[in-house]
Amino acid sequence: WVAEQDSDQVQSVCWSPDSTRIAAAGYGGTIVFWDSDSGKQLEMWQASDSAVWGLSWGPENHQLASAHADRVVRLWDVDKGRPHQELHGHTDRVLAVRWSSDGKQLASAGEDLSVRVWNGDAADRSAKLYGDSTQIKSIDWSPAGTRLASGNAAGQVVVWDPADRSGKQTLRGPTSPPFKDGQVFAMAWSPDGQRIAWGQHDGTMHLWSNDSRHDWKAHGARL
């Protein structure tokens, strides 16, 4: 099936953990929910007056996180259809948000050159801050939730170890340096946690794999 979201440009989509619903969001500040089997629109929320750049559904099916151009991360009670918490700290547009697989950590990132890792405990939303040298366009957790990868506007992917704030590795695609519009807009860990694939604005796709020592190797995959 094909669903239309009025005239709003879709910036992010995500599945519910039980695979029964799909959420989509975009420039208009709305979040729309669809039945994944029939394509029927179930709900539409006006999430904010600013664009929604990223969505991530919590692993327990009842909580949704959204990343907004107004510099706020919003946490939603999906059953009640309303936000129950706002996370403040970013100083520019938030472009990406992602729950860890166990729901104990929530990562957000954006144009303020930072990645924030928020405590998943609702009673303590403290955040760890990680800095980058350029805008961050995408993020993804490893399946085990022990490492976090962020893709930036310079065509690089940085792999962070949240347990060691000084521990990070920077992966560069073949187009960098020099950078030729290589912003990393899409990225995903493999289910076994051994590979990262990412796509860049210059039309290239890159695949990196690592061994048990976390030494990364490029495979030069390109589109």
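What share of the contacts in the protein chain with a separation of 6 or more comes from residues 24 or more positions apart? The figure is 36%. Please keep in mind that this is a predicted model. Here are my notes, point by point.

1. **Overall make-up.** The protein chain holds 20 strands and 0 helices. It has 223 residues, and 51% of them count as buried. The rest of this note goes through the pockets, the nonpolar cores, a few hairpins and some loop residues.

2. **The largest pocket.** Five strands each supply at least two lining residues: β1 (10-15), β5 (52-57), β9 (94-99), β13 (136-141) and β17 (184-189). Of these, β9 gives the largest share, with 4 residues. The lining of the largest pocket consists of 10 nonpolar, 4 polar and 4 charged residues.

3. **The second largest pocket.** By class, the lining of the second largest pocket splits into 8 nonpolar, 6 polar and 2 charged residues.

4. **The largest nonpolar core.** There are 13 residues in this core, and those touching the most other members are A23, I31, F33, L55, W57 and L64. At least two residues of the core come from each of β2 (21-26), β3 (30-35) and β5. The top contributor is β5, with 3 residues. Another core lies apart from it and has 12 residues, including A96, A107, V117 and I136.

5. **F33 and its surroundings.** F33 deserves a look of its own. Setting aside neighbours within four places in sequence, its contacts are I22, A23, K40, Q41, L42, E43, W45, W57 and L64. Among these, A23, W57 and L64 are listed with F33 as core members that touch the most others.

6. **The β3–β4 hairpin.** Strand β3 pairs with β4 (residues 41-46) in the antiparallel sense, over 5 bridges. One of the bridge pairs sets T30 against Q46 in β4. The two strands form a hairpin with 5 residues between them, and G39 in the turn has a positive phi of about 80°.

7. **Strand β14, an enclosed strand.** How many of the 5 residues of β14 (residues 148-152) are buried? The count is 5 of the 5, so this strand is largely enclosed by the rest of the structure. L148, S150 and N152 point one way from β14, while A149 and G151 point the other way, and all are buried.

8. **The partners of β14.** On one side of the pairing, β13 and β14 run antiparallel and are joined by 5 bridges. S138 is the residue opposite G151 in that pairing. This hairpin has 6 residues between its strands, and G145 in the turn shows a positive phi of about 75°. β14 also pairs with β15 (residues 156-161), again in the antiparallel sense, over 4 bridges. There, G151 stands opposite V157. The β14–β15 hairpin has 3 residues between its strands, and its turn includes G155, with a positive phi of about 80°.

9. **N61, a backbone angle to check.** Most residues other than glycine have a negative phi. N61 is not a glycine, yet its phi is positive, at about 80°. N61 is located in the loop between β5 and β6 (63-68). Is N61 buried or exposed? N61 counts as buried, because its relative accessibility is 13% and the limit for that class is under 20%.

10. L113 is another residue other than glycine with a positive phi, near 65°. Its place is the loop between β10 (105-110) and β11 (114-119), and at 32% relative accessibility L113 counts as partly exposed. S133 sits in the loop between β12 (127-131) and β13. With a relative accessible area of 62%, S133 is exposed. Although S133 and L113 are 20 residues apart along the chain, their C-alpha atoms are separated by 6.2 Å.

Terms used: Residues are numbered from 1 along each chain as its sequence is written. This is a predicted model: local features need pLDDT of at least 70, side-chain atom pairs count only at pLDDT 80 or more; totals for chains, interfaces and linings use all residues. Side-chain values use heavy atoms; hydrogens and water are left out. Ala, Val, Leu, Ile, Met, Phe, Trp, Tyr, Cys and Pro count as nonpolar, Asp, Glu, Lys and Arg as charged, and the others, Gly among them, as polar. A nonpolar core is a set of buried Ala, Val, Leu, Ile, Met, Phe, Trp, Tyr and Cys residues joined through side-chain atoms within 4.5 Å. Buried means under 20% relative accessible area, exposed over 50%, partly exposed in between (1.4 Å probe, protein chains only). Contact means heavy atoms within 4.5 Å. Two strands pair if DSSP finds at least two bridges between them.
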